Amino acid sequence: MPPPRKLNPQSVWDTNAVLAAFEEENIKPMHALRMWGWLIRNPSATWHDVPDMPKAALALLDKYFVKFTTKVVKCQNSSDGSTTKLLVELQDGMQVEAVVMTYESPSRDPQLLAAGGPEVDPHLPVDHSAGRDHLAEQEEQDALGGGPAAAAAAAGQEQERPARRGAGGEGEEDEEAEASSSAPSVTGAGAAAAAAARARKRSTLCVSSQVGCQMGCTFCATGTMGLKGHLNAGEIVEQLVHARAVARIRNVVFMGMGEPLNNYEAVRGAVAMMTDSKYFGLRRRHVTVSTVGVIPRIKQLAEDLPGVSLALSLHAPTQELRLQIVPSARAYKLDKLMEAVRTYQATSSQRVFYEYVMLAGVNDGEEQAHQLGQLLKGDDVVINLIPWNPIYQPEGPFFEAPRDGSVGTFQSILRHQYGLHTTIRQEMGQDISGACGQLVIETSGVGGCSKEATKDIEDAVRKVNLNGPVA
């Protein structure tokens, strides 16, 4: 295990650290809450700009905390503009990657997808009901008022309900107003079309929770790094703050570098701040914690993070096959893992998402499809099939992407013979090594967003110092 990382100064986005410091100095926690709300609403502000902050609080913050312990040292855009990869440098010089994916989707309801709708990846679980209840619709109308989004709704376009407003939340109605005020004035059908286009856009942030990963999945680039260190809650939240300068983030997935449940307390603290209506106000079902299967922590999720979505990186339908490609299967056997997930589901009453990376000739055959169907038959799940993305494999094992037609056949078996909701991952950011399984640190480059694609993954891996801190 890597040595503990201690930050000095600490991140102001680490709620536990700030509140503990305030308590020690007998400063009321309400001042910290007001500060976070102010900083979220005013990204360029500092705590000195917060009205009526006590001098003692300002002095404490100046002495022990900084607004950012991290910085974006490189920002790359994919050729199609849908994906932005941020290289984030930590206080001690180590680095992680965060990826912002923006896409259009008229509907991401897995039931509609399973019925033959567009093959859009439910990267983040959303509201899985076929429709919204009357209260939700009324709340949406109250929040939208008569603005452009309301025009889109009146025109029959699907529109998500704005996030509930809190002391620190940026309500989506403000963002709609800002977008419309900066855009050319349009009326009637033009306004409805413009608003509908905005409504269809979804930005998802894929965050890292560790530097590297100790799970060692054989098909994943991050696993080649080993585990360098755990991020603290503030460093995880800072990725969201950085990403908000790129796009309006609606969803967060813990699918970046690291195994989130091996850094449980920091992830729990970060998720709590992201979903609290006093701060960022993300809906809990729009935050997904992905795990390769850390059984003790899965059992804690429903109690500690109610409403937050769970995604299990399964990748194989049998214990024998899983052992070949997922080393952690030795410690967390498939039968015990499935028992833990089903206990979580019974406790939380939430649908579980299964991620299944498809490897040609390994786990993408019809036999494996039937085995997976038997394993999950009758469960309330969505299976997300992920065609393998190329990574540098200097010593093997050597994988290949699934052959043409195999993914569709696999999906058809699961859907039509076992009645399982199944989608195919819409990969984004392959040309900047920002797609699923491709995150690995390269150490060259400077700040600023670049349109260039990342160099070959071989170059990236070769520049990683696997024997010491990532520089």
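A residue is called buried here when its relative accessible area is under 20%, exposed when that area is over 50%, and partly exposed in between, with a 1.4 Å probe and protein chains only. By that rule, 55% of the 471 residues of this chain count as buried.

Before going on, the ground rules. This is a predicted model, in which local features need pLDDT of at least 70 and side-chain atom pairs count only at pLDDT 80 or more, while totals for chains, interfaces and linings use all residues. Residues are numbered from 1 along each chain as its sequence is written, and side-chain values use heavy atoms, with hydrogens and water left out.

The chain has 16 helices and 15 strands. These are DSSP runs numbered from the N terminus: H or I of at least four residues for helices, E of at least two for strands. Contact means heavy atoms within 4.5 Å. Among contacts between residues at least 6 apart in sequence, 70% join residues at least 24 apart.

Now strand 9, residues 251–254. Strands pair if DSSP finds at least two bridges between them. Strand 9 runs parallel to strand 6, residues 201–206, and three bridges join them; Cys206 stands opposite Val253. Strand 9 also pairs with strand 10, residues 287–291, in the parallel sense over three bridges. There, Phe254 stands opposite Val289.

Next, a helix pair. Two packed helices are described by the angle between their axes and the distance between the axes. Axes are lines fitted to C-alpha atoms, for helices over the stretch in contact, and angles run from 0 to 180 degrees between N-to-C directions. Helix 10, residues 264–275, packs on helix 11, residues 295–304, at about 25°, with the axes 12 Å apart. That angle makes helix 10 roughly parallel to helix 11, the term for angles under 35 degrees. Tyr264, Glu265 and Arg268 in helix 10 meet Arg297, Gln300, Leu301 and Asp304 in helix 11. By class, that contact has two nonpolar, one polar and four charged residues. Nonpolar covers Ala, Val, Leu, Ile, Met, Phe, Trp, Tyr, Cys and Pro; charged covers Asp, Glu, Lys and Arg; the others, Gly among them, are polar.

Last, Asn384, which is placed in strand 13, residues 381–387. Is Asn384 buried or exposed? Asn384 has a relative accessible area of 3%, so it is buried. Its C-alpha atom is separated by 5.9 Å from that of Thr422, 38 residues apart along the chain.

Conventions
Parallel < 35°, antiparallel > 145°, perpendicular 65-115°, else oblique.
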